[in-house]
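Please look over the sequence and the structure shown below before reading on. The briefing that follows groups its points by topic.

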Amino acid sequence: MKTLLVTTKICRRCNIEQLFSRYRKQKRGKYGFGSVCKTCSNELGRIYWKKNRKRFKKKISSWQKKYREKPEVRIRNIDRSWKKKFGIGYETYLNMLSKQKGVCAICRNKDNQKKRMFLSIDHNHVNNKVRGLLCSNCNCAIGLLGDSPVIINRALEYLQEAETSDTLSEVIGQ
């Protein structure tokens, strides 16, 4: 007796035969996949969202009012997020902040954006190692310069050279 290896399925909505990879996994579905392909499922989700948008927004906003504004919930969410992204928790952040005396490691200012409560966690994007806490301006500047010490040194040399020269032609080299 030969067993057939089934690799495709017909979508219940669009009636197109597609590979299993085009279906969402579902334990109760035939062969462990849903009966509607991902494209159709996404479309059905959009239609459902449009029909029930007011109800969802009301439910979400009531949840946010109830929970998101609570300091303990906010700190717990921040702690979870930072542990996942940077490998440090809220307590470690507070220790780093106290070592830096609550100011940016580069410009020595507090974060100048009034909406932000925290200094940015600067990290190496290659090995994800945390370097320190920076204000949003310094963090953006380092990021825009590609986290490259060579380029940052060139920028420093450029600024120092421009400061000592009298005219634009000296800077350009004419």
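This is a predicted model: local features need pLDDT of at least 70, side-chain atom pairs count only at pLDDT 80 or more; totals for chains, interfaces and linings use all residues.

L145, V150, I151 and I152 together make a nonpolar surface patch of about 280 Å².

**The patch**

- I151, which is one of the residues that make the nonpolar patch, lies in helix 6.
- I151 counts as partly exposed because its relative accessibility is 36%, a value that falls between the limits of 20% for buried and 50% for exposed.
- In soluble globular proteins, nonpolar side chains tend to be buried together.

**The chain as a whole**

- Seven helices and six strands are found in the chain, and, read from the N terminus, the elements follow the order β-β-β-β-α-α-α-α-β-β-α-α-α.
- When contacts between residues at least 6 apart in sequence are considered, 34% of them join residues that are at least 24 apart.

**The nonpolar cores**

- The largest nonpolar core holds 16 residues, and the members that touch the most other members are W82, Y93, F118, I121 and L133.
- At least two residues of this core come from each of helix 3 (71-85), helix 4, strand 6 (130-134) and helix 5, and helix 4 gives the most, with three residues.
- L133, when residues up to four places away in sequence are not counted, touches Y93, M96, L97, Q100, V103, C104, A105, L119, S120 and I121.
- Another core, of seven residues, lies apart from the largest one, and F20, Y23, F33 and V36 are among its members.

**Strands 3 and 4**

- Strand 3 (residues 23-25) pairs with strand 4 in the antiparallel sense, over two bridges, and in this pairing Y23 stands opposite C37 of strand 4.
- Strand 4 (residues 33-37) is mostly covered, since four of its five residues are buried.
- Y23, which stands opposite C37, is also among the residues of the seven-residue core, as are F33 and V36.

- H123 is found in strand 5, and it counts as buried because its relative accessibility is 11%, which is under the 20% limit.
- Leaving aside neighbours within four places in sequence, the residues in contact with H123 are F86, N128, K129, V130, R131 and D147.
- D147, one of these contacts of H123, is placed in the loop between helix 5 (136-144) and helix 6 (149-164), and it counts as partly exposed because its relative accessibility is 24%.

- Most residues other than glycine have a negative phi.
- D147 has a phi near 55 degrees, which is a positive value in a residue other than glycine.
- K101 likewise has a positive phi, near 60 degrees, and is not a glycine; its place is in the loop between helix 4 (90-99) and strand 5 (120-123).
- K101 counts as exposed because its relative accessibility is 71%, which is over the 50% limit, whereas D147 counts as partly exposed at 24%.

Terms used:
Residues are numbered from 1 along each chain as its sequence is written. Side-chain values use heavy atoms; hydrogens and water are left out. Buried means under 20% relative accessible area, exposed over 50%, partly exposed in between (1.4 Å probe, protein chains only). Contact means heavy atoms within 4.5 Å. Two strands pair if DSSP finds at least two bridges between them. Patches are made of residues with over 30% relative accessible area and no salt bridge: like charges are joined within 9 Å, nonpolar side chains (Val, Leu, Ile, Met, Phe, Trp, Tyr) within 5 Å. Accessible areas come from the Shrake-Rupley method with a 1.4 Å probe; for residues, only the protein chains shown count as cover. A salt bridge is a side-chain nitrogen of Lys or Arg within 4 Å of a carboxyl oxygen of Asp or Glu. A nonpolar core is a set of buried Ala, Val, Leu, Ile, Met, Phe, Trp, Tyr and Cys residues joined through side-chain atoms within 4.5 Å.
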